[in-house]
Amino acid sequence: IIGLRGTNEEGLTSGTRVFAMGPSLVRSNSVSTLESLEENARTWSSLEQYCEAHGGSRPISRILIANNGIAAVKCIRSMRKWEYAELGVEGALTFVCMATPEDLKANAEFILLADEVVEVPGGANNNNYANVDLIVDIATRKEVDAVWAGWGHASENPSLPTKLAKTRQKIVFLGPAAKAMYALGDKVGSSIIAQSAGVPCIKWSGSHVSITEMLDKGGVE
C-alpha cells in the first residue's frame, strides 16, 4: 500500500482514504480533497439547467451526424461519455444519423449507436455525406439543434454552416465558421494569413507577402 502517512488506531493516518485498485495498484487521497470534489460535483436535472448555469442561451440536444464510419462512432461515443460524466442525465443527447444502403447492409457500428437513422442515397459521397442541400434538408425535417460533419465529406464546405444558419431553426454547425473555412481552405491564402500573424512557415515564393501589404495594394477586400 502506498501513500500512507503515519498511523492512527487503525494503522492509517486520519485524513487519508485508501482506494484499492488491484493487488499492485493502490491510490490514496486526502479526505479534504475528496470532500472538495464531492462539493463541486452536481447532479443536473436537465440539459437546460446545465446550459443556464454555464451562461448558455440555447441547449443543444438533438444532433445530426452527417458522417459515417469511425468518425461517427468516435463522435457519438465521446459525446455520450461527456453526457454521463458531466451531466449525469441519461438521454440528454439524441443522435440522428444519416446512413447509406451500403452502411445499412454492413450493419455499421455507428448505426447501432444512433437513436434515429435516416437512409440516404448510396454511391459517391456527393449523393449523401457531402451533399450540403441533403444535409440541410434532413436537419430541418428532423428538427435537430445542430449538425456535426466531422472530417472529410461536407465538413470543409463553407456553404454548410452558411445554409444551416439561414434555416428557420437557425441550426448550429458544430465546427469552424464559414469565414474561417474560406480563409484557410486555400493553401496560398492560409499561408499568407499564418505568416502575417507571425507563425513560422516554410519558405516559399510568397514569404515576403503580408496581409497588410496586400491591403495597401488593394488586393484584398
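This is a predicted model: local features need pLDDT of at least 70, side-chain atom pairs count only at pLDDT 80 or more; totals for chains, interfaces and linings use all residues.

User: In what order do the five strands of the open sheet stand?

Analyst: The chain has 10 helices and seven strands. Five strands make up an open sheet with parallel pairing. Strand S5 (116–119) and strand S7 (172–173) have a single partner strand each, so they stand at the edges. The order is S5-S4-S3-S6-S7.

User: Which residue in S6 is the bridge partner of isoleucine 65?

Analyst: Strand S3 covers residues 62–65 and strand S6 covers residues 146–148. These two strands pair in the parallel sense over three bridges. The partner of isoleucine 65 in S6 is tryptophan 148.

User: How many residues are in the largest nonpolar core?

Analyst: In soluble globular proteins, nonpolar side chains tend to be buried together. Here, the residues with the most contacts inside the largest core include Leu64, Ile65 and Phe110. Among the elements that each supply at least two residues of this core are S3, S6 and helix H3 (69–87). The number of residues in the core is 44.

User: Is tryptophan 151 buried, partly exposed or exposed?

Analyst: Tryptophan 151 lies in the loop between S6 and H7. Beyond its neighbours within four places in sequence, tryptophan 151 is in contact with Asn67, Ile70, Ala71 and Lys74. The relative accessible area of tryptophan 151 is 48%, and the range between 20% and 50% is the middle class. Tryptophan 151 is therefore partly exposed.

User: What distance separates the C-alpha atoms of tryptophan 151 and alanine 66?

Analyst: Tryptophan 151 and alanine 66 are 85 residues apart along the chain.

User: How many disulfides does the structure hold?

Analyst: A disulfide needs two cysteine sulfur atoms within 2.5 Å. Cysteine 75 counts as buried, at 5% relative accessibility. The cysteine sulfur closest to that of cysteine 75 belongs to cysteine 97 and is 8.0 Å away, which is too far for a bond. For the structure, the number of disulfides is zero.

Methods. Residues are numbered from 1 along each chain as its sequence is written. Side-chain values use heavy atoms; hydrogens and water are left out. Two strands pair if DSSP finds at least two bridges between them. Helices (H or I, at least four residues) and strands (E, at least two) are DSSP runs, numbered from the N terminus. A nonpolar core is a set of buried Ala, Val, Leu, Ile, Met, Phe, Trp, Tyr and Cys residues joined through side-chain atoms within 4.5 Å. Buried means under 20% relative accessible area, exposed over 50%, partly exposed in between (1.4 Å probe, protein chains only). Contact means heavy atoms within 4.5 Å.
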